[in-house]
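Dear colleague,

Please find below the structure that I am handing over to you, followed by an account of what was found in it.

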Amino acid sequence: MNERNEPMNYTNFTIRLSESTGERFKAEVVNSPMGRMRVPEIVPYRFGIEPLLRKLEDPHTFGRLKWREMISLGEMLGEMLMPMRVRTMFYKTLEYLWSRDDKPDIRSGIRLLLEIDDPWLTTLPWEYAYLWEYRQVKKLRILKKTVAGLSRTQQDSASDWELSDRDGFLARDEHISIARHESFIGEQEEPKINGQLNVVFAFAEPDDVGENIDQTTAFLALRRALGMEPGSPGLQISDNINPWFVHKLTLDKLKALSGPSPRAVPLMRLQKVFEAHIPELHEEMRAEHERRSSEDQTSEDVSIRDLWSNRVEEIFEDYSSRGLTAMENPVHILDFSGHGGLIPKDLVDKKGKLRQLPKSSEEGAADGSSERNLNFERNLNFERNLHFERSMALQGQANPGQQGMLVLEDGKEKHQIVWADEVAEILRRSEQPVPLVVLNACQSGKRCGGSIFRHAGVAQALLEAGVPAVVGMQHNISDPAAIHFSMGFYNSLAHSQSLDEAVAAGRRKILSLEEDQNYLDWGVPVLYLRSKEGITFKQA
């Protein structure tokens, strides 16, 4: 991370994808330091990508992608996103930017801004685009920056430096941001902040739709990321970010958050209450450990996790009802964690209830991972619906029933489906517009390729309603990956970095997980922008 707290200087390289015929489409550079293309390139659709997409989006049904398959998927995406002339302009742009950059820490960045005018092309996970030769380009860049200051011995060893095959994934480079631009009339100016960033972390965990995010783990992880633990290496949270918490999010609570006087639980207060319970909690853990040891139950980790989870849950329950406090400033970032997806509207009745609840499943994922919507979305066949939608779009057909939604609570710890257009309308009517919405929910960043509604997905509906930027998840994401993404994301914002850099930091934090766990989830987050220049939260 940039330690000087100066946002990276991003230069746009805008690619437009349009006019699909089912077998081919057009790709062109419409804005870059090298100008624009006069004539678009005709790009054939790589139908061989479909089996790999099925594995990526639904590993439980089709099997988990192997590393070699992951690279093959990325190469096909890279070939379609950057055919020959587009790729040539991209490398010339890199060369131009690097020639201007005489600073030793490589401050220039490039934003691949995707303008996708064709519905089915939006369903492809462009964030996994891979360019094999970019590894060598990157290696030459690093050598150019470093060799000049090295001794002869060091230069000899530097010539042997090798980058791994992972470095061909563009989104894994901290100096490259991939963002999707949604064009609307009346683009917003950058948000101006007076004082701290008000970030509201809102959780919905109805007990009748399967697995929910482990908010105890999420709470403890955020404490570490935001410097709220004693001895934490992170920036002290009181410097830049003021975190708030909303437990058991209902439709009424969401409306209140967008009202003139938003109310939530100050996370600092929750932190103090939590810390006050730590001595008592440690004593309970010690007693429980002694009891289990005497009964030959040696699963200490399980008892600790259970005790911490139960105690934090008690604190959440207590303060969700009586700890609400009015905010002095409006909500700057609304972060939702829960269930989401794209489903046919006829699956839901007028009260927001699923007509048939998905069957519960006792078994975990085949690879042992804990996925956010493992029971809920898997049993509703969301991913299969998405493949069906993409096939319909390729054939020029459309399904008007597929709509984005979030799952909130009904006030009785049961689920309530809230459609994307309902959430968008609530935020549209907000007296104080929310500059950024983070949707930590599966498929919240997915657009329905076959829907007749251009903005059928949750993220797209929010952008259409006037939200300047949305970060969503384009398919299922595991709990550990979602939590690690939040840690990297908010730690970056706490250091006054731009939104592009925060998303990149979140991806890198996912990569810090064990290599054999969740190694594909770094590409799940999607950044959507209304503004072509990105967003930096600047002090007014």
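The side chain of Asn-12 makes a polar contact with the side chain of Arg-111 at 2.6 Å; a polar contact is a pair of N or O atoms within 3.5 Å, where, within protein, one must be able to donate a hydrogen and the other to accept it, and residues adjacent in sequence count only if both atoms are side-chain atoms. The Asn-12 side chain also reaches the backbone oxygen of Lys-532, at 2.5 Å. Please note that this is a predicted model, in which local features need pLDDT of at least 70 and side-chain atom pairs count only at pLDDT 80 or more, while totals for chains, interfaces and linings use all residues. Residues are numbered from 1 along each chain as its sequence is written, and side-chain values use heavy atoms, with hydrogens and water left out.

Asn-12 lies in strand 1 (residues 9-18); strands (E, at least two residues) and helices (H or I, at least four) are DSSP runs, numbered from the N terminus. With a relative accessible area of 9%, Asn-12 is buried (buried means under 20% relative accessible area, exposed over 50%, partly exposed in between, with a 1.4 Å probe and protein chains only).

Strand 8 (residues 241-246) is mostly covered, with 6 of its 6 residues buried. Ile-241, Pro-243 and Phe-245 are buried on one side, and Asn-242, Trp-244 and Val-246 on the other. In a regular strand the side chains alternate between the two faces of the sheet. Strand 8 pairs with strand 7 (residues 197-203) in the parallel sense over 6 bridges; two strands pair if DSSP finds at least two bridges between them. Val-246 in strand 8 is the bridge partner of Ala-202.

Elsewhere, 3 strands form an open antiparallel sheet in the order 12-13-14. Its edge strands, each pairing on one side only, are strand 12 (339-344) and strand 14 (415-419).

Finally, the largest nonpolar core has 83 residues; such a core is a set of buried Ala, Val, Leu, Ile, Met, Phe, Trp, Tyr and Cys residues joined through side-chain atoms within 4.5 Å. Phe-90, Trp-126, Phe-489 and Leu-499 have the most contacts inside this core. A second, separate core of 37 residues includes Leu-249, Ala-424, Leu-427 and Leu-439. In soluble globular proteins, nonpolar side chains tend to be buried together.

Yours sincerely
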